[in-house]
Amino acid sequence: MIDPNDKNLPKVDVEDENVSEHVKMSRRLFLGGSTAMVGAVGAIGAVGLGVGSAVLSSSPAVAAANAAHTVALGELDEYYGFWSGGHSGEVRIMGVPSMREIMRIPVFNIDSATGYGLTNESKEVLNHTTHLAGDSHHPHLSMTDGSYDGKYAFINDKSNSRVARIRCDIMKTDKICEVPNVQAIHGLRVQRVPYTKYIYANAEFVLPHPNDGSNMDDTEAYYTLYSAIDAETMTVAWQVIVDGNLDNTETDYTGKYAFSTCYNSPGESLDLEGSMRNERDHLVIFNIERIEAAVKAGEFQKLAGSDVPVLNGRKGSKLTAYVPVAKSPHGINATPDGKYCVANGKLSPTITMLEIAKFDDLFDGKIEPRDTVVAEVELGLGPLHTAFDGRGNAYTTLFIDSQIVKWNIDEAITFYKENTEGGKGAYIKQKLDVHYQPGHNHTTMGETRDADGKYLITLNKFSKDRFLPVGPLHPENDQLIDISGDEMVLLHDGPAFAEPHDVSLVHRSKIKTLKVWKRDDPYFATTRAMAKKDGVTLETDNKVIRDGNKVRVYMISVAPAFGMDTFKVKLGDEVTVIITNLDMVEDVSHGFCMVNHGVQMEVSPQQTASITFIADKPGVQWYYCNWFCHALHMEMRGRMLVEV
Ligand code: K7E
Ligand code: CUA
C-alpha cells in the first residue's frame, strides 16, 4: 500500500504541459498549492476536493438514489458481499445495498463463537497448523462460463502463504492449501472459463532456492513463483518461476491466459528504493495451455521439500510473456466483455490497457509485447484497482487523490490512438471524492459476464473523522456508491475493522445455502468414522468410551438439554466431547462450553461437532450451551466429574 507521506511518490510537475489538466488540478488541490503541504496529506484528504463531488450536495439525484437503495425492514438485500477481513484473517458477509453485516466466516483465525481453530473438524481444515493468524486480501468465488456458480469462495493468506476455500452452501472454510516454495501469497483469482479448475495465486516475495541458509547473499538468484491450485483437491498443480515480485493477478474469459502485475522488474532489489527504480515494470502473461503441455511432457523440476512440478517462466520462456506497463502496477482487472485488462500504475498517474485477443499473436511471435497495449490512460494519482459496470465504463480508485474516477473505455482507447489534443481527458466522466484513500473497489457482478452496473463499493483505508472516535486505532470506511445512473452518487459510510482489502459482490440468485446441515456432510466425516469405530451411532447414542487415558464422550442435544447431564472422567484424561444436534428447526444452534478449559464450539441443527481437551482440574467442572437456543437455554448444562 502507498504511504501518502512517502517522499518517493511520483512528483507531478504542474507546469509540465505533458501532464493533463485533471492530474494537475487534483495535484494542486492535493498539495494545497504548496509542496510543504505534502506531509499534511492526512488533513488535506479530509477536505472535499470539490472535483465532481456529489457527496455534500442534496441534489434530487442524491435523494432519488438514497430512496432507491433503501432496504426496508424485513426485506432482503439484493447482493451478497464477500468482504475480506485483512489481517483479522476472516471473511465477512455483508448485505448490499443495506451494508448490514450478516455473517463472519473464520478462515485463518481462531473464533471462539463457532470454535473454529478449537474443534477437531476445524483443526482438520487448518491441517493442524500452528499458525492461527492470517492476512486475507482477495475473496473470489468459483465460476462456470464466466459467472458465479455459487460453489466456493476462495481467499489468500499473505502472512502464512496459504489459500483457503469456503463452501458456499454452509459458509464454512472447508479446505486450506499451504503453498510450498514461496512466501506471502498475495494476488488471487479464479479461472473463469469453462469453469474454475484452477485458482491462481501470486507469491509476492523473492527467495533464494533452496532456502536453507546456504545462499542468502546471492540476491541475483532470488525469485518467486506463480501457483495454480486445483480447486477441487486444493493442492498445488504446478508452479512457474517468474522475474520480479508478483503483486495482483487476473484471468481472461477464455481460460487460455492468466496475468499478473509485477513490480521490482529487475528482480534483484530487496529494498524499497531498488524496487522502484524502473520507469516501467511489467505484466507477466501465463499461457495455460503451454504450461499444462510442459507439465505433461515432464519439462519441469522439483524444488527441495515439495513434489510440485516447477516450470521456468522467466524472461525468454515460451510459457510466459512480459509486457512493460506503467510503473509499479498493482491491481489488474479484466473487462466483463473479456476484451481488455487494465494494469493500475500505482506510482504512475496512468493505467495500461491491453487487448487480450492479441495475446495469441504475442505468443506466436507475430507481434511485440507493447503491441498488445491499446491505451495508456491518464487518470489521476495513485490508481490502484479498477471495476466495471458492463456498460463500457470503468471505475478506478485513486489512492492519493482519494477519489473514484469514472472513465469510458472506448473513448480512452480512441483518445490514445488518435491522441487528439482537444479531447484530452474527455474520456473521464466524473471524479467522486471518497473518504479516504481507497484501495480496492468492486461493482455488483462486475468481475463476471453478468456485470450489472448497479453499485460500487470502495474500500477506503482511512476513515479519519467520519465516525465517533474510538482511540488511536480507527476503523476503515467502506463506502457504497450508486453507479446506475450517469452520475456516481455516494450512498453510505460503513466503518469496518481491519482490513477489508477486497470484496466480491454476488447477486443473491447465485447463492443457495443449506437451512440445516445434512447428516452425511463431509465436514464431520472423520468424526463419523471415529464414532463408527467406537460402535456409536451419532444420532441416537449417549455414551462414554474409554480408550486408555483417552475418553470419548458422545452425546446428542435437543433444546434445551444435552443427552447427558453428567459424565465421569479421571484427572489427566484426554477428553473428546462429540455432540450431535438433533434439532431440525432452522436457527436453533446449540453450543458446548466447558468452563475454565478454553473449550467452546457451535453445534447447529443436524451438525456434529467435537472438541478435545485435557481434564486437568479435579472435581466438578460445569459445561453449558453457549448459543442461545431456547427459553431454558440457561438451564442447558451439565457436570463433568473429574475423579482423582
Ligand atoms: Cu490492493 Cu492486497 Cu488487492 Cu490491498 S491489495 S488495496
Ligand atoms: Cu442449547 Cu443454548
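I take two strands as paired if DSSP finds at least two bridges between them. The model I am reading is predicted.

**Entry 1: β1 and β29**

I started with strand β1, residues 79–84. It is joined to β29 by 5 bridges, and the two run antiparallel. I looked up W83 and found that its bridge partner in β29 is V503.

**Entry 2: an open sheet**

Next I traced a sheet of 5 strands. It is open, its pairing is mixed, and its order is β8-β9-β10-β11-β15. Which strands stand at the edges? I found β8 (183–190) and β15 (310–312) there; each has a single partner strand, so one side of each lacks a neighbour in the sheet. From one strand to the next the twist averages 25 degrees.

Inside this sheet I checked β9 (residues 198–205) against β10 (residues 224–230). They pair in the antiparallel sense over 5 bridges. I199 has I229 as its bridge partner in β10.

Then I looked for a helix. Helix α6, residues 288–296, lies across β9, β11 (236–242) and β15. It runs at about 110 degrees to β11.

**Entry 3: E250**

I moved to E250, which has its place in strand β12, residues 245–251. Is E250 buried or exposed? Its relative accessible area is 2%, so I noted E250 as buried, the cut-off being under 20%.

I then listed what surrounds E250. Its side chain makes a polar contact of 3.1 Å with the side chain of R192. A polar atom of the E250 side chain also lies 2.8 Å from the backbone nitrogen of A334. Leaving aside neighbours within four places in sequence, the contacts of E250 include R189, A258, F259 and I332.

**Entry 4: aromatic rings**

I counted rings next and got 18 aromatic pairs. Y80 and F82 have ring centres 6.2 Å apart and planes at 25 degrees, so I logged the pair as stacked. F82 is buried, at 1% relative accessible area.

F259 and F359 make an edge-to-face pair, 5.8 Å centre to centre with 85 degrees between the planes. This pair links distant parts of the chain, 100 residues apart: F259 is in strand β13 (residues 257–263) and F359 in helix α7 (residues 359–363). F259 is buried, with a relative accessible area of 0%. F359 is buried too, at 0%.

I also found a cluster: ring pairs link Y198, Y200, Y226, W238 and F286.

**Entry 5: charges over rings**

Last, I checked two charged side chains. The charged end of R165 sits over the ring of Y152, 4.1 Å from the ring centre. K346 lies over the face of Y263, at 5.6 Å from the ring centre.

Conventions:
Residues numbered from 1 in each chain as written. Chains lettered and ligands numbered in written order. Predicted model: local features only at pLDDT ≥ 70, side-chain atom pairs only at ≥ 80, totals over all residues. Heavy atoms only, no water. Helix = DSSP H or I, 4+ residues; strand = E, 2+ residues; numbered from the N terminus. Axes fitted to C-alpha atoms, helices over the stretch in contact; angles between N-to-C directions. Contact = heavy atoms within 4.5 Å. Buried < 20%, exposed > 50% of the residue type's maximum accessible area, 1.4 Å probe, protein only. Polar contact = N/O pair within 3.5 Å; in protein donor to acceptor, adjacent residues only side chain to side chain. Phe/Tyr/Trp six-rings, centres within 6.5 Å; stacked < 30°, edge-to-face > 60°. Lys NZ or Arg CZ within 6 Å of the ring centre and 35° of its normal.
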